[in-house]
Amino acid sequence: MLLNNLEKFEAKIKSGKLLRGACITLSDPTVTELAADAGFDFCWIDMEHGVMTDCDLMKHIMALRGTNCAPIVRVAANTHTHIKRVIDLVPAGVIAPMVNTAEDAERLVDACRYPMDGGSRGCGMRRANAYGLWPTDEYFKQSQNDPWIIPQIEHIDAVRNLDSILKVKGISSICIGPYDLSASMGKPGKFDDPEVKSAIDEICSKTLKSGVVLGAYGEDIPLWKSRGVQWLSVTNDIFALAKKYREILSQEP
């Protein structure tokens, strides 16, 4: 959809390029506009953590219109209500946290698609059909595959249930959350631990084998690229700012 740059995101995925994104946690849309101008392929706009409001989210998404950067939103929770309030703002993708079972994945798909396409999404169109300027029939046709539906695999239970999750019809991509995954294994942040590495590698191999697009959050670009990841959120606004502050202050006055 021209409102969310999904067609650009999909074309880049098909080209074989590793797409890089920035996670947005601050409320000011300036950081999103800046990320797009800097050349990021997508922005992961995070509603799960932080203090961002729905109005803040709308401004972040609108800041990316007309750029080459797609807005992908992680909702606060995998519930119909949380997803409904986000999806009407026209993100290119919806990431749902803690999808641990096939039933969780089915609930996500259901909330993202309209009843005629097998879901239960409500018809609360405002921005979704360009405030009425876009013919409704064309909009509904587009909505069959827009936005992308992205379960986040970030718990060891999800790894155990991954085979059934990947079989859920309608999933567009899988997103790996390595920090929460390692914590659920009692090894928070220990990404070199053999069991943690094995779990991540299992997610990657099974997802790619299934034909589902593979995404993740991670800073080590070469490592994730070697695992076959196709889109990767490589930093967030706060970390990037803090890193630059420390870099500046490390110089001799």
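Guide: Start with Phe-239, which counts as partly exposed because its relative accessibility is 46%. Buried means under 20% relative accessible area, exposed over 50%, and partly exposed in between (1.4 Å probe, protein chains only). This is a predicted model: local features need pLDDT of at least 70, side-chain atom pairs count only at pLDDT 80 or more, and totals for chains, interfaces and linings use all residues. Residues are numbered from 1 along each chain as its sequence is written, and side-chain values use heavy atoms, with hydrogens and water left out.

Visitor: What makes Asp-54 and Arg-85 a salt bridge?

Guide: Their side chains meet at 2.6 Å, N to O. A salt bridge is a side-chain nitrogen of Lys or Arg within 4 Å of a carboxyl oxygen of Asp or Glu, so the pair qualifies. Asp-54 is partly exposed at 27%, and Arg-85 is exposed at 52%.

Visitor: Why is Lys-187 called buried?

Guide: Its relative accessible area is 18%, so Lys-187 is buried. Its salt-bridge partner is Asp-193, at 3.0 Å, N to O. Asp-193 is buried too, at 19%.

Visitor: How do you know that Asp-56 has no salt bridge?

Guide: The nearest side chain of opposite charge, Lys-59, is 5.3 Å away. Lys and Arg count as positive and Asp and Glu as negative; His and the chain ends are not counted. The side chain of Asp-56 does reach the backbone nitrogen of Thr-53, at 3.0 Å.

Visitor: How many salt bridges does the whole structure hold?

Guide: The search finds 14.

Terms used:
A polar contact is a pair of N or O atoms within 3.5 Å; within protein, one must be able to donate a hydrogen and the other to accept it, and residues adjacent in sequence count only if both atoms are side-chain atoms.
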